[in-house]
Each structure stands twice: as structure tokens, then as C-alpha cells.
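Me: I have a model open and want to learn how to read it. Can you take me through it feature by feature?

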Amino acid sequence: MPLLYPLVLAAALFGIGLYGVLARRNAVLMLLGVELMLNAANLNLVAFDAWFGDKMHSGQVLTLFTIALAAAEIGLGLAIILTLFRALRTVDVDQVGVDR
Amino acid sequence: MNVTEAVFLLFAIVAVVSALLAMTSHQLVHSALWLVVTLGSVAGCFVVMTAEFVAWVQVLVYVGSVVVLVIFALMMTRQPAAGPSAEVTGNRWAAGALGIVAAVGLGATVTAGFRGERIKGQRIGTARSIGDALFHDWVLGFEILSVVLLAALIGAIVISRSGSEH
Amino acid sequence: MIVTALIVPFVIGSLLMLFRGDVPGRLAALLGAAAMATSLVLFAMVWDGPNGVSGEVDTSWIEPLRAHFHIGVTALSWPFLLMTAFLGLLCCIWLVADDTSPAVVGLVLVISASSLGVFASLDLLLLFVFFELALIPMWFLIAWWGAPDDPDGRRRAATRFLLFTVSGSALVLVGIVIVAVQSKSLQIFEVTSGSVVAASLIALGFAVKTPLVPLHTWLPDAHSKAPTVGSVLLAGVFLKLGTYGLLFLDSFMLHDPFGKVAPYLAVAGVVGIVWSALACYAQDDLKRLIAYSSIGHMGFVVLAISTQSVVGVAAAVFGSVVHGLITGLLFFLSGSLKERFGTASMAAIGRGLYTRTPWLAVAFVFAAVASLGLPGLAGFWGELLSLRSAYEVGDVLTKSGAWTLLGFAVLGIALTTAYFVRAIRLIAQGEPVPRDEDRDLGGHEVVVSVALAASILVLGLAPGLIVGLYDHPTVTYHGSYSAVTP
Amino acid sequence: MRRHWPYVALTAVLSVAAAAWAIPQLDDDHGTTHVWVRGDALLGVSLATHVDGLAAQVMLLAVGVGLLVQIYSTAYLGHHPRYRSYALIIVLFLIAMLTVVVADDFFVLLVGWEVMGLCSYLLIGHEWQTTEARSGAAKAFLMTRIADLGLLVGILVIGQTYGTYRISEVLAAGPKNSTAIALLLLIAVVGKSAQFPLHTWLPDAMPGPTPITALIHAATMVAAGVYLIARLLPIFEASELAMTLLAIIAAITMLLGALFALAQTDLKRALAWSTVSQLAFMFAALAAGDRDAATNHLLSHGAFKALLFLGCGCLMHAVGSSSLSAMGGLRRSMPVTFGAMTIGFAALAGVVPTAGFFSKDGVLEALHHAADGSGVLPDVLGEIVFYVALATSLVTAAYATRLWLVAFFGDAKEHDEAPQAMIGPVVALAAASLVLSIGQPFHFGIGLLSTIIAAAGIGMVVWAWRAQGNLDIDAPLLARELDLDAPYARWLPALVGSAARLVVAVDRDGVDVYPRSSATIAQFASRGLDLLQSRNVQRYATVIAAGVALLTAAAVIWT
């Protein structure tokens with residue numbers, strides 16, 4: 001299988017995720033965009049690991065780490081968003097910081 | 001083209017289309033559900049690349065917990081619907097352009113760098129081999145990560161509690 | 001001695017601003033007057049002849065920049081110093097009233113002291129620091145205590161004033177840096193050469209302050225919105241910072257490069273004379289009118305400086321000092337009018353002040369006649385010496401150019417007469433319609449007016465008091481001047 | 001009277017002092033120079049005086065008329081609320097005139113010269129409630145002061161040329177650069193003495209109080225112009241151009257003034273035009289190079305013109321107006337005024353044996369000489385000026401007779417004679433108009449000619465009076481004074497006014513463009529940068545991402 005397949009897929013997912021982060025008004029959706037970009041990175045790690053055949057399996061291990069960190073990040077992010085919602089009754093990012 | 005490549009391409013197409021839908025859908029819950037599809041497809045890609053353990057973790061953590069968390073969060077922060085265009089900011093054209101630039105730029109870079117390289121298809125991702133690597137070579141990183149996770153856990157609790165007092 | 005003369009008004013001014021809530025207005029003004037009087041006496045006493053520097057103080061200040069705390073009184077600055085201290089004193093006397101805010105007195109003191117510092121500085125950086133120090137209090141004076149009926153307008157005028165002059169002083173700073181780098185010194189007596197670029201930048205910066213057409217539009221706005229003492233200090237002292245700067249640049253520092261710039265300055269000055277006279281002819285607001293007339297008088301001064309001759313130096317110093325006194329009197333009197341009638345608009349004040357407020361009208365006519373350059377009063381000699389310096393051409397101008405400028409300057413004098421006659425006709429003469437606000441000059445107004453009128457008369461009858469300081473060959477400057485005839 | 005005597009006493013002291021100074025010098029042709037304060041090298045202004053016979057005569061004239069005017073004013077204007085300032089300004093006026101006369105330094109002369117202009121401005125505008133007084137005063141001040149700038153520049157030229165500002169030193173040095181100097185001084189003289197084309201201010205100055213008019217017309221202001229040229233005649237004589245110009249101006253002015261005087265319906269204005277015309281006689285004599293003739297005419301004219309104006313003031317005091325239509329038949333009720341003014345009019349017309357006859361005789365003789373080619377003037381011009389002067393004499397005799405007849409003859413009206421304080425000076429001046437003729441030179445041929453001409457003029461008017469019964473002259477163009485005032489009254493103010501409005505508009509909309517446009521640019525830039533500093537997280541992220549993309553691209557391209 002050509003190495004390019006996963007790499008190009010990763011590039012496409014990263015671009016889509018970036019769009020989501022920059023364009024979505026809802027903060028939760030912004031977080032989802034971040035997850036998508038992280039996944040693109042994971043895909044790269046795994047693809048290179050498979051291609052390189054590393055004994056330490058560093059690509060996959062790092063992927064696992066990333067997944068764990070992403071879980072932590074989304075937990076914290078959602079906590080922040082909830083707090084924000086309680087305080088402002090909105091989760092629109094362009095509302096935050098403007099009226100204060 | 002063999003079967004492996006065809007399956008990978010199928011997963012890839014599904015992943016990209018569902019990611020696009022997830023990022024553009026006007027219904028927030030739909031977005032989350034389309035994201036499930038994307039993450040599942042990526043897990044499928046992992047399987048095709050013989051990284052089955054990572055694939056299972058992906059399914060368990062992302063599809064299983066993260067998305068559920070997100071859906072809960074979406075439900076808890078539901079606002080009165082303000083029309084379809086309310087879901088994207090005026091920034092979207094710049095964001096779209098930057099997304100395309102990023103995708104094309106990265107794609108071009110990897111194409112220029114790795115054209116003609118192939119993945120040989122040996123099994124790399126059994127649970128045993130990953131476990132060996134994780135607890136022999138990467139144990140320090142693993143422990144640090146667990147501390148980070150603990151910190152995140154406590155942090156999440158503190159943040160959500162401090163917000164609820166008001 | 002000079003240090004004391006500078007510190008006393010500075011300290012008293014700062015204290016008055018700090019304890020503005022605890023001091024009665026009348027006491028504050030008297031304290032201020034005492035401070036300025038001290039300063040005036042000290043500056044008068046420190047003088048020992050036109051040769052060299054009197055009362056020089058020179059201590060190291062900022063070593064790495066070679067900046068010194070170097071002050072002293074020269075023949076060039078002495079008349080400016082006395083005039084500034086005198087006007088500061090009169091401003092404080094003017095403010096002797098119960099409703100005076102002590103902070104205003106404090107600001108007046110700080111402005112006067114900073115201007116005194118500019119005139120006394122013999123170090124470029126020190127000069128620049130004092131120059132800037134004078135600006136900010138003036139912003140407060142205009143923006144906070146300006147025209148009470150127009151808060152937005154006074155704020156805008158003050159900001160406009162500040163932006164213009166700060167832009168000008170930025171140019172001056174760049175010029176000073178270039179000069180300092182080129183001659184490796186900041187002491188004015190050591191800086192004797194520099195590039196034309198530096199001279200142009202400094203001249204342009206001071207031209208904003210002077211002001212020369214077309215850099216003058218801040219002046220009428222600032223004057224029409226400023227409080228009386230603000231207008232007096234602005235016209236009497238601040239414009240002199242510009243002309244003194246030009247003189248200083250010419251006489252001490254960059255004589256030769258300045259010669260390259262001088263013809264342009266001369267043209268701008270003469271254009272200003274005619275331009276401002278025409279503008280005056282169409283004004284209704286008395287304070288704007290006087291402001292525009294200041295531009296014309298400064299045009300004469302700049303014309304004189306541009307000739308780079310001893311006569312020109314004498315004309316510039318005399319013209320500047322006398323303009324401070326005459327325009328100071330005019331602004332004090334228009335301030336009196338504004339205080340009574342709430343406006344400086346001639347149409348609103350009404351006609352026939354000769355019977356309504358006889359002494360006020362007489363003082364105004366006296367000041368106007370002095371300002372239009374009647375021989376025998378001080379204003380005449382400044383204009384005359386300017387014209388003479390232009391007629392004798394000097395070192396840098398061409399004969400045809402200088403004589404053309406002379407012709408336009410003479411036209412300007414004619415127009416000046418016309419607009420002052422128009423002003424006298426509009427307010428002093430005419431069928432009087434008495435109003436409740438009609439009130440003749442009161443206590444402190446009489447003191448100020450008499451002091452200024454007397455000084456104008458004395459200098460008009462004995463112009464040699466100032467001109468004699470530059471009597472060839474008692475004064476030597478770094479520049480080379482042609483011999484004086486006759 | 002108690003509030004008046006300090007001012008009269010002040011004037012008297014001044015007059016006595018001036019007379020004591022002047023009388024010993026009357027026969028001194030070289031003059032005595034005295035330097036009171038020596039000027040320094042740079043400014044060069046010395047307080048120096050120079051008194052010779054000419055100066056002494058003019059001084060006596062000035063203080064004599066001044067004292068009489070001051071006495072006259074106690075009755076004429078004594079109850080005016082502003083009498084005090086009025087009387088003080090007269091004193092200042094006299095001091096300024098004396099300064100001009102005795103000054104031996106051009107700057108001191110200029111000080112007196114212009115202070116006199118200011119005093120005339122203040123005095124003409126004494127009744128500043130009325131529009132006529134205001135505009136007449138402003139016009140007098142502006143026209144004379146603008147002309148004075150010629151003197152100012154002329155002094156600068158003198159200083160540069162001779163290296164001194166002392167008049168005696170300049171005259172002793174002999175003429176240099178005299179065309180430029182003489183032309184510049186001529187501008188000032190033409191303005192001050194109201195000669196064509198700057199003559200229109202003098203008749204418009206008539207709203208001033210009548211004693212002031214007498215003072216200005218006889219002894220101060222306008223006499224200063226004649227005195228200046230007489231004093232500096234050597235400089236003028238060295239320039240043929242200046243003398244020619246002076247002769248032409250004098251010829252035009254004398255005839256125009258006389259014709260305008262003939263057509264007036266107002267006694268005071270007619271007398272004003274007569275002053276313009278008579279001053280031109282003096283300038284004609286100066287142009288012919290005869291200083292004594294000019295000075296003699298200045299003195300005799302000073303006496304009889306002061307007499308006429310003060311007499312006119314008596315009539316106005318009685319009638320309440322200076323209009324000729326309000327007068328008539330006053331000879332019975334005001335016999336003293338009638339007698340005195342008859343002498344005055346006779347002197348004006350040039351009737352033997354008044355001072356006016358002899359001094360005019362001198363002027364005509366000087367002009368006659370000039371036509372012989374003995375002076376600086378070209379012969380033809382001398383001849384033309386001589387004939388113009390003869391024609392002017394004819395018109396002068398005619399209008400003097402006309403004014404005399406209309407004012408004092410015809411239907412009798414009953415009025416009171418003027419108070420003694422007014423009559424006294426008038427009688428004194430009438431005596432002077434006769435006494436001044438003692439010892440005057442006399443030229444038989446010219447005298448006979450001028451007597452014939454005067455008789456012809458008087459005869460024509462008397463014949464017309466007998467024939468028609470009135471002396472109304474229907475000459476609208478002359479009554480409008482040929483519209484020569486239009487440039488000063490309308491065109492020039494309109495020009496300056498519109499230029500002023502233009503300047504203000506350009507200042508507001510043109511010059512102010514750069515501060516305003518820099519403000520606009522600053523606001524624009526601020527708004528542009530505000531997009532970046534939006535307090536919107538996503539915008540920041542977009543900018544960061546774009547920055548990363550650009551930096552990466554740049555790194556890729558330039559490595």
C-alpha cells in the first residue's frame with residue numbers, strides 16, 4: 001500500500017479540522033475540530049510506524065499517548081465550556097470577551 | 001490495486017466526507033454523530049495498516065467516551081436555535097481558505113517527500129508488541145502521562161465545581 | 001542663582017498643584033506672583049554684560065550621552081528670560097481672585113519655569129527636555145480650564161495644539177540627535193557644524209511652534225479656546241520658544257547649514273504676514289483675530305532671522321519680546337471682555353465701548369495701535385529693524401528676493417493697519433448700547449494693563465535698551481556677520 | 001470755564017516754550033543743530049534737533065494756530081462729555097507736529113509724522129457715534145499710514161545710501177541715489193498732504209469737529225508734507241523725475257481741488273477742497289525750486305484757512321449745520337464773523353492787500369521763472385503749470401466769492417453772534433492774515449496779472465448773482481468729484497474683503513487638509529489594526545494560522 005494514502009488522508013483531515021476550529025461559532029464544535037486535527041496527526045504517526053517498522057513502535061505508542069492526552073484535553077475543555085455557559089448563557093466564541 | 005488498498009481508500013473517502021459533514025452541519029448533534037463516523041473510519045484505516053491495538057483504543061476512547069461526553073456537553077449547553085448561519089462565524093471564508101491551504105500544503109509536502117514509498121504490510125500492532133514497547137521502552141512517558149491525566153481529572157472537577165457555585 | 005530662579009517657580013507650582021484643594025485661590029495666586037517676581041529679580045541680577053555667559057552652571061548629567069546640566073544667560077536669551085518671567089508674574093497677578101483654582105496658578109508657574117528653562121539651557125538635550133516639559137501643562141490648561149461653554153471644542157483644540165507641537169518637537173529631537181552624533185557633543189558652544197538635514201529638521205520643528213504658514217492652523221483654535229492666562233502664555237512665551245529656537249540655531253550652532261534653509265523660511269514668514277493679515281480682516285472672534293495677528297508678527301521675526309545679520313538678530317529679539325508684551329496686553333484685555341460678555345465675538349460684545357467701558361476701550365486701542373506698529377510704541381521698532389535687515393539683504397538672500405519680500409512685508413503692514421482699524425471701529429466706536437455686563441477695568445486688571453502699557457511705551461521710546469545688546473562689535477557670535485552700517 | 005483752563009494753560013506753556021525756542025532762530029538760514037541723545041551703532045537713532053528759519057516759522061504757525069484752536073474749543077466743544085481727551089489729543093498733536101519740524105533724525109521725524117496721523121484719526125473720529133465720522137477717520141488714517149510706508153522705506157534707503165539717519169548730515173553729504181529716495185518720500189507727502197491721487201481723505205475728514213479741521217488744514221498734518229519737501233529740497237532737486245512728477249501732481253490737484261470747491265453745496269467741504277487746491281500751489285512752488293515762496297504761502301494759507309474754518313465753525317454754531325442752504329444773509333446778525341471771514345475770503349481769492357495776495361504772487365512768480373528754464377523742471381512743463389495756476393486762481397476767486405455771497409448775503413436770517421472765546425481767535429487770525437503781508441516781496445507784472453484774474457473771477461460770480469439771484473451750480477460730475485473716490489471707497493475694500501474671505505476659506509478647507517487627512521489616515525489604520533485586535537479568539541487563531549502558513553511558505557521559498 002502506498003505510504004501516500006494515509007498521509008494525504010491525514011492532510012485532508014487536518015485541513016478540515018482547521019476549518020472547524022476557525023469557523024465554527026460553537027465552542028464544542030471548535031473542540032471537535034481540534035480532535036479531528038489530532039486524529040490526522042495520529043494517522044501520520046501510525047502510517048510512518050508501519051512504513052518504518054520501528055522496534056520500539058514509537059509511532060503507535062505516541063499515538064496512544066496522544067489519544068490519552070486528547071481525552072484529558074476534551075474533559076478539561078468541556079469543563080471550561082460548561083463553566084462559561086453557566087456564567088454567560090452562551091457558548092458562542094465570538095460572544096465571549098466582547099461584552100465585558 | 002489490491003483489496004487492502006481498496007478498503008483503505010473506501011475508509012479514507014468515508015472519513016473525509018463525514019469529517020466535512022461534521023464540520024459544516026448546522027445541527028450540532030449531527031456534527032457529533034458525523035464525527036463518530038469519521039473517527040470510526042480512521043480506526044478502520046488503523047486496522048488496514050495492521051495497527052489493531054491503536055484501532056481498538058481509538059474506538060474505545062474516542063467513539064466510546066469522548067463523543068458521548070461531547071454529546072452530553074452539547075445537550076447541557078443547548079441554546080435557542082438562531083438559524084442555520086448562526087453556526088459559523090464571519091470568519092468562515094478566511095478559515096476555509098486557510099484549511100485548503102493547510103491541506104494542500106501538507107499534501108504537497110508529503111507527496112514531494114514520500115512519493116513511491118510503500119507500506120510493506122507486516123504486522124506491527126499486536127497488543128503484545130505494543131505492551132512490550134510501552135512497558136519497556138516508554139514506561140517513563142507512560143507514568144508522566146498518567147500524572148497528567150490525574151491533573152486533568154482534578155482540574156476538570158475543580159473548574160466545573162467553581163462554575164456551579166454561582 | 002539661575003538654578004534658584006528656575007527651581008522656585010517649579011517647586012511652588014508643583015506644590016500648588018499637589019495641594020490644590022487646601023489653598024485658597026487668592027493666596028495661591030499671590031504665592032505664584034511672589035515666585036515669579038523672585039525669578040524675575042534673580043534673572044535681572046545675574047546679568048553681567050553682553051559678552052560671554054552670565055551665571056553659568058555646568059555639571060555632568062547623563063554621562064553616556066555626554067549631556068550636561070548646563071545653563072546660563074547669554075545676550076540672546078536675556079531679553080527672552082526677563083519677558084517670560086514678567087509675563088508669568090502678570091499672569092499670576094491677573095489670577096488674584098477668590099474663584100481662581102490653585103491648580104491653574106500651578107500650571108502657569110510650571111509653564112513659565114519650563115520656558116525659562118528653555119531660554120536658559122546651553123545643552124541641547126536639556127533644552128529639548130524643558131521644551132517638552134512646557135507642552136503638557138498647557139494641554140491641561142486649555143483642555144480643563146478653557147472656554148467654559150464648549151468642553152468638546154476646548155478638548156479638541158488642546159489636543160490639536162499638542163499633536164502639532166509634539167510632531168514639531170519630534171523633528172527637533174531627530175535633528176538634535178543628528179547634530180550630536182556628527183559633532184560628538186551636546187553643548188551648544190561646541191556644536192558649530194552640522195549637516196543641512198539636521199538644520200532643516202530643527203528649523204521645521206521650530207517653524208511649527210513659531211508658527212509659519214502653512215503650519216499655523218493649530219494656533220487660532222488653541223487661542224480661541226484657551227483661558228486668558230493660557231492665551232497670554234501661548235502667544236507671549238510659547239511662540240517665542242520657536243523664534244528663540246531658530247535664532248539659537250542660526251547664531252550659535254548651525255550658521256552655515258541654516259543659510260541653506262533660511263530663504264525658504266523667509267518666504268514662509270512673509271507669506272504669513274500677508275496671509276494672516278487677510279485672515280484677520282475676516283475674523284469676528286477677537287481672540288482668533290489676535291492669534292492670526294501673532295502669525296503676522298512672527299513672520300517679521302522669521303524674516304529678520306533669515307537674513308543672518310546682526311540687524312536681523314536684534315530685530316528678531318526685539319520683535320519677539322515686544323510681541324510678547326503687546327499681544328499679552330491684547331489677550332489680557334480680550335480676556336477681560338470675554339469674562340464680562342461670555343464671548344470674544346465682536347458682534348456679540350457690541351459697539352461703543354468708549355463710553356461703556358472707557359478705560360478698557362482706551363487700553364485696547366492703545367494695544368492695537370502698538371500692535372499695528374505706530375512709531376513711538378514698541379511694535380514699530382521690531383518691524384522697522386526687520387524691514388531694514390531685509391533691505392540690507394544680509395548674507396544669504398539675493399537682493400531681488402529680499403526686496404520682493406520687503407515689498408510684501410510692507411503690504412502686510414498696510415493690511416495690519418486696516419484690520420486693527422476695523423476692529424477698533426467695530427467694538428470701541430459706534431452707537432453704544434449699554435448692557436448690564438459693562439464694567440470697566442478693575443483692580444488687578446488695571447495693574448496688569450498699566451504695567452504692560454508702560455513697558456510698551458518705554459521700549460518704544462528707548463528701543464536701545466534691547467537693541468543695544470547687539471551693538472556691533474560688542475557681541476561676538478560663532479557665525480560670521482557682515483559689518484553693520486551705519 | 002474751570003474745567004477748561006488747565007488744557008489751555010498746558011497748550012499755552014507749550015506754545016511759549018516753542019516760541020522761545022523758535023524766535024531767535026527766525027533769521028538763521030543755517031540753523032542750529034543739537035544732539036540730545038546719541039544713538040548706538042546698530043540702531044543709529046539719535047535724538048537730535050535742527051532749527052533754522054524755515055523750521056522756526058512753521059513752529060510758530062503750528063503753536064499759534066494750535067493755541068487759538070485750543071481757546072476756541074473751550075467754547076465750541078467745552079460741554080462735550082469727552083472734552084478732556086479731545087483737548088489732550090490736541091496737545092499731543094502739536095507736540096508731534098513740533099517733533100516733525102525740529103527733528104534732525106529721520107526716525108524721530110517718522111515718530112512725529114505717524115503720531116500726528118494717529119491724533120488726526122482720533123480727532124476726526126471724535127464723534128464716533130456717527131458712521132461718517134468713523135469712516136472718515138478710518139479713511140484718513142489708512143490712506144496716510146499706507147502712504148507713510150513710502151517714508152519708512154525711503155528712510156531705509158537713506159540709511160543704506162548715506163550711512164546715517166541724521167537729516168543735517170544727509171543734506172551736507174550732497175545728493176546720492178536721490179531719484180529712489182525722492183520718489184519714496186513723495187508717496188508719503190502725497191498721502192499726508194492729500195494730493196492727487198491720494199486726495200480723497202481730506203474732504204471725507206469733515207465730520208471731525210471744526211476746530212480740528214482748522215488745525216489739520218492750517219497748521220499741522222497737511223503742512224507737514226510741504227515742510228518735509230521744503231526741508232529736503234536739495235534731494236528732490238537732484239532728481240528731475242521726482243520734480244516733474246511733483247509738478248504734474250500739483251497741477252492736476254490745484255485745478256481739480258478748485259473745481260470741486262466750486263461745485264460744493266457744503267461750506268466746510270468746499271473749504272476742504274480749497275485746502276487741497278492751495279496745498280498744490282505750495283507744491284508747485286517747490287517743484288519750481290522756490291522754497292521761500294512755498295513757505296510764505298504755507299504761512300499765509302495757514303492763517304487765512306484757519307480763519308475761514310474757525311469762522312465756518314462760528315456759522316455752524318449759529319446755524320447748526322455746515323450746509324450752504326442753511327446759511328444766507330448772516331452779515332447783519334453776525335457782523336464780526338462777517339468782517340473777519342471777508343478778509344479770509346479775500347486772502348483766498350488773492351485780493352490786495354491780504355497776505356494771500358502776496359504769497360500767491362510769490363508762487364506765480366516762481367512758476368513763471370521755472371518756465372524760463374532756470375529750474376529743474378522742463379520749460380514746457382513749467383509753462384503748463386504756470387497757466388494751470390492762473391486758471392486755478394480764476395476758479396479760486398470765483399468759488400471764494402460764491403461762498404462769501406451765499407453765506408452772508410441774500411435773505412436775512414436772525415442768529416446770535418458766536419461767544420467771545422470763539423470770536424477772539426477769529427479776529428486774531430484775521431489780523432494775522434493782514435499783518436503777514438507786511439514786508440512780503442512783490443512782483444509788479446505778475447501781481448497785476450493775478451489781480452486782473454481775481455477781479456475777473458469775482459466779477460463773473462457777482463454778475464451771475466445779480467442776474468440769476470442764486471449761485472446753484474448744476475454740474476453733477478463735479479459734485480460727485482469725478483468718482484475719484486470709488487477705488488478707495490468701494491473697489492479696494494471689496495478686493496480686500498473678498499481676499500480675506502478667500503484666505504479664511506483656504507485656511508479652513510485647504511491648509512487644514514494635512515492635519516485632517518493625517519487624522520483620517522490614523523483612524524483608517526486604527527480600524528484596520530482593530531480587526532486584528534478583535535477580542536475574538538477565532539480571529540486571533542485565524543491570524544496565527546495565516547502567520548504560520550506565511551512563515552512556512554517564506555521558509556520554504558527562501559531556503
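**Chains, domains and backbone**

Reply: Start with the chains. Two residues are in contact if their C-beta atoms, placed from the backbone, lie within 7 Å. This is a predicted model: local features need pLDDT of at least 70, side-chain atom pairs count only at pLDDT 80 or more, and totals for chains, interfaces and linings use all residues. Residues are numbered from 1 along each chain as its sequence is written, while chains are lettered from A and ligands numbered from 1 in the order in which they are written.

Me: What mean pLDDT does chain A have?

Reply: pLDDT is the predictor's confidence in each residue, from 0 to 100. Where it is low, the predicted coordinates should not be read in detail. Chain A averages 86, and 95% of its residues score at least 70. Helices (H or I, at least four residues) and strands (E, at least two) are DSSP runs, numbered from the N terminus.

Me: How far apart are the nearest C-alpha atoms of chain A and chain C?

Reply: They are 27 Å apart, and the two chains do not touch. Chain B and chain C have no contact either; their closest C-alpha atoms lie 36 Å apart.

Me: Which element gives the largest share of the side of chain D that touches chain C?

Reply: First the totals: 36 residues of chain D are in contact with 39 residues of chain C. On the chain D side, helix 4 (106-124), helix 5 (131-162) and helix 21 (486-511) each supply at least two residues. Helix 5 of chain D gives the largest share, 11 residues. This side divides into 22 nonpolar, seven polar and seven charged residues. Ala, Val, Leu, Ile, Met, Phe, Trp, Tyr, Cys and Pro count as nonpolar, Asp, Glu, Lys and Arg as charged, and the others, Gly among them, as polar.

Me: Into which domains is chain C divided?

Reply: Domain bounds come from an automatic or database domain assignment. Here they are domain 1 (1-133) and domain 2 (134-470) of chain C. Across the boundary, 37 residues of domain 1 of chain C are in contact with 45 residues of domain 2 of chain C. Helix 4 of chain C supplies 10 residues, the largest share of the domain 1 side. That side has 28 nonpolar, six polar and three charged residues.

Me: Which residues of helix 1 of chain C are buried?

Reply: A residue is buried if 20 or more other C-beta atoms lie within 10 Å of its own, exposed if 12 or fewer, and partly exposed in between; C-beta atoms are placed from the backbone. In helix 1 of chain C, the buried residues are I2(C), A5(C), L6(C), P9(C), I12(C), G13(C), L16(C) and M17(C). They lie on the same side of this helix, because their arc around the axis is only 150°. The arc is that of the directions from the helix axis to the C-beta atoms. These buried residues pack against helix 2 (25-46), strand 1 (54-62), strand 2 (67-73) and helix 4 (102-120) of chain C.

Me: What is phi of T50(B)?

Reply: Phi is positive, about 65°, although T50(B) is not a glycine. T50(B) counts as buried because 21 C-beta neighbours lie inside 10 Å.
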